[in-house]
Amino acid sequence: MLPEIEQYFRLEKLPHMWCPGCGNGIILHCLVKAIDKLCLDQNRTTMVSGIGCAARASGYLDFDTLHTTHGRALAFATGVKFAKPELNVFVLTGDGDCTAIGGNHFIHAARRNINLTTIVFNNSIYGMTGGQYSPMTPSTSRATTSPYGNLERPFNLAQLAIAAGATFVARTTTYHTKQLTDLIIEGYKNNGFSLIEVVTHCPTSFGRQNKMGSPADMLKWQRDHGVSAIRYEKLSPEERADKFITGILHKAEAPEYTAEYQKLLEKLRGR
Ligand code: SF4
Ligand code: MG
């Protein structure tokens with residue numbers, strides 16, 4: 001491990017439990033690099049996660065951490081931020097955790113515009129719990145619960161977040177590591193609810209069932225399918241069919257929930 005990031009890990013908890021070639025470690029590396037660049041105080045920074053492979057990330061990180069219940073990372077994080085608005089709060093969650101079990105918490109955290117930086121590890125499957133399809137598994141993909149191909153249509157999580165009221169929405173992949181670090185920094189700087197969706201690879205569950213090849217092949221797939229908005233605009237409808245846009249997708253100004261609450265308290269105290 002690079003000496004400059006070692007301080008952010010609980011070394012006694014390593015080695016991690018993730019499969020060889022899993023994308024989760026790449027996201028963690030980019031996260032601590034972003035935190036290092038932002039010079040955040042480790043003792044005033046909290047990581048909150050739910051359940052699943054991605055959620056194990058909080059246990060490896062040397063911050064105040066909460067490894068919570070399935071789908072409830074945003075609910076716990078809302079409580080932390082509400083009680084101590086001065087803390088930097090990051091939420092680490094998977095596609096199943098965040099958009100199925102936690103779907104309701106997700107839309108309301110976005111709607112409230114509470115100042116949380118949420119990183120969704122989107123590997124298109126429930127990795128830890130048996131390879132079932134999630135609300136973000138692409139149509140026709142195979143999972144243990146869709147052995148003949150997924151009949152459901154996936155969420156476009158970015159569009160959902162925008163519609164619900166999030167003020168920073170971005171998407172990238174584990175191939176685009178510099179962009180991922182930069183987006184985490186930008187998401188943190190946003191004074192409101194920030195979503196960074198990271199298309200990542202699960203070679204064990206999703207990759208094997210969908211014959212995606214090696215972890216390196218899955219990274220190449222990300223490289224070839226994640227495109228900037230400018231490039232996307234130039235593609236024909238046929239070429240767009242299997243591509244997704246990366247980069248900042250949405251930025252807006254709106255009142256931040258905990259700040260509004262503090263204002264209300266001050267007003268009531270003044271009476
Ligand atoms: Fe990573 Fe998939 Fe293994 Fe979970 S099951 S650790 S997401 S490769
Ligand atoms: Mg998943």
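Two residues are said to be in contact when they have heavy atoms within 4.5 Å of each other. By that rule T46 touches D64, V80, L87, N88, V89 and F90, leaving aside residues up to four places away in sequence. T46 belongs to strand β1, which covers residues 45–49, where helices (H or I, at least four residues) and strands (E, at least two) are DSSP runs numbered from the N terminus. T46 is buried, with a relative accessible area of 5%; buried means under 20% relative accessible area, exposed over 50%, and partly exposed in between, with a 1.4 Å probe and protein chains only.

The model is predicted, and in it local features need pLDDT of at least 70 and side-chain atom pairs count only at pLDDT 80 or more, while totals for chains, interfaces and linings use all residues. Residues are numbered from 1 along each chain as its sequence is written, chains are lettered from A and ligands numbered from 1 in the order in which they are written, and side-chain values use heavy atoms, with hydrogens and water left out.

The magnesium ion (ligand 2) is coordinated by D95 through OD, N123 through OD1 and I125 through O, at 2.1 to 2.2 Å. Donors here are N, O and S atoms within 2.8 Å of the metal (3.2 Å for Na, K and Ca), and since water is not among the atoms, sites may look incomplete. Along the sequence the donor residues follow the spacing D-x27-N-x1-I. D95 lies in helix α5 (residues 95–101) and N123 in the loop between β4 (117–122) and α7 (157–164), so the pair ties together parts that are 28 residues apart in sequence. Both D95 and N123 are buried. The loop between β4 and α7 also holds S124, which has a positive phi of about 70° although it is not a glycine; S124 is buried, with a relative accessible area of 12%.

A nonpolar core is a set of buried Ala, Val, Leu, Ile, Met, Phe, Trp, Tyr and Cys residues joined through side-chain atoms within 4.5 Å. The largest such core has 31 residues, and those with the most contacts inside it are L31, L61 and I184. The elements that give two or more residues to this core are α2 (24–38), α3 (57–60), β3 (88–94), β4, β5 (168–173), α8 (177–189) and β6 (194–199), and α2 gives the most, with 8 residues. I184 touches C30, L31, A34, F90, T117, I119 and I196, not counting residues up to four places away in sequence. A second, separate core of 23 residues includes V91, V120, A161 and F193.

Charged pairs come next. A salt bridge is a side-chain nitrogen of Lys or Arg within 4 Å of a carboxyl oxygen of Asp or Glu, and by this rule the count comes to 6 salt bridges. In one of them the side chains of R171 and E197 meet at 3.2 Å, N to O. R171 lies in strand β5 and E197 in strand β6, so this pair ties together parts that are 26 residues apart in sequence, and R171 and E197 are both buried. Another salt bridge joins K263 and E260 at 2.9 Å, N to O; being 3 residues apart in helix α13, K263 and E260 are separated by about one helical turn, and E260 is partly exposed, with a relative accessible area of 34%. K243 and D242 also meet in a salt bridge, at 3.1 Å, N to O, and D242 is partly exposed, with a relative accessible area of 41%.

Helix α13 (residues 257–270) also contains Y261, which is partly exposed at 32% relative accessible area. Y261, L264 and L268 make a nonpolar surface patch of about 250 Å². Patches are made of residues with over 30% relative accessible area and no salt bridge, with like charges joined within 9 Å and nonpolar side chains (Val, Leu, Ile, Met, Phe, Trp, Tyr) within 5 Å; the areas come from the Shrake-Rupley method with a 1.4 Å probe, and for residues only the protein chains shown count as cover.

Two backbone details remain. The peptide bond from L14 to P15 is cis, with omega near 5°, and P15 is found in the loop between α1 (3–6) and α2. N113, in the loop between α6 (103–112) and β4, has a positive phi of about 55° although it is not a glycine, and N113 is buried, with a relative accessible area of 2%.
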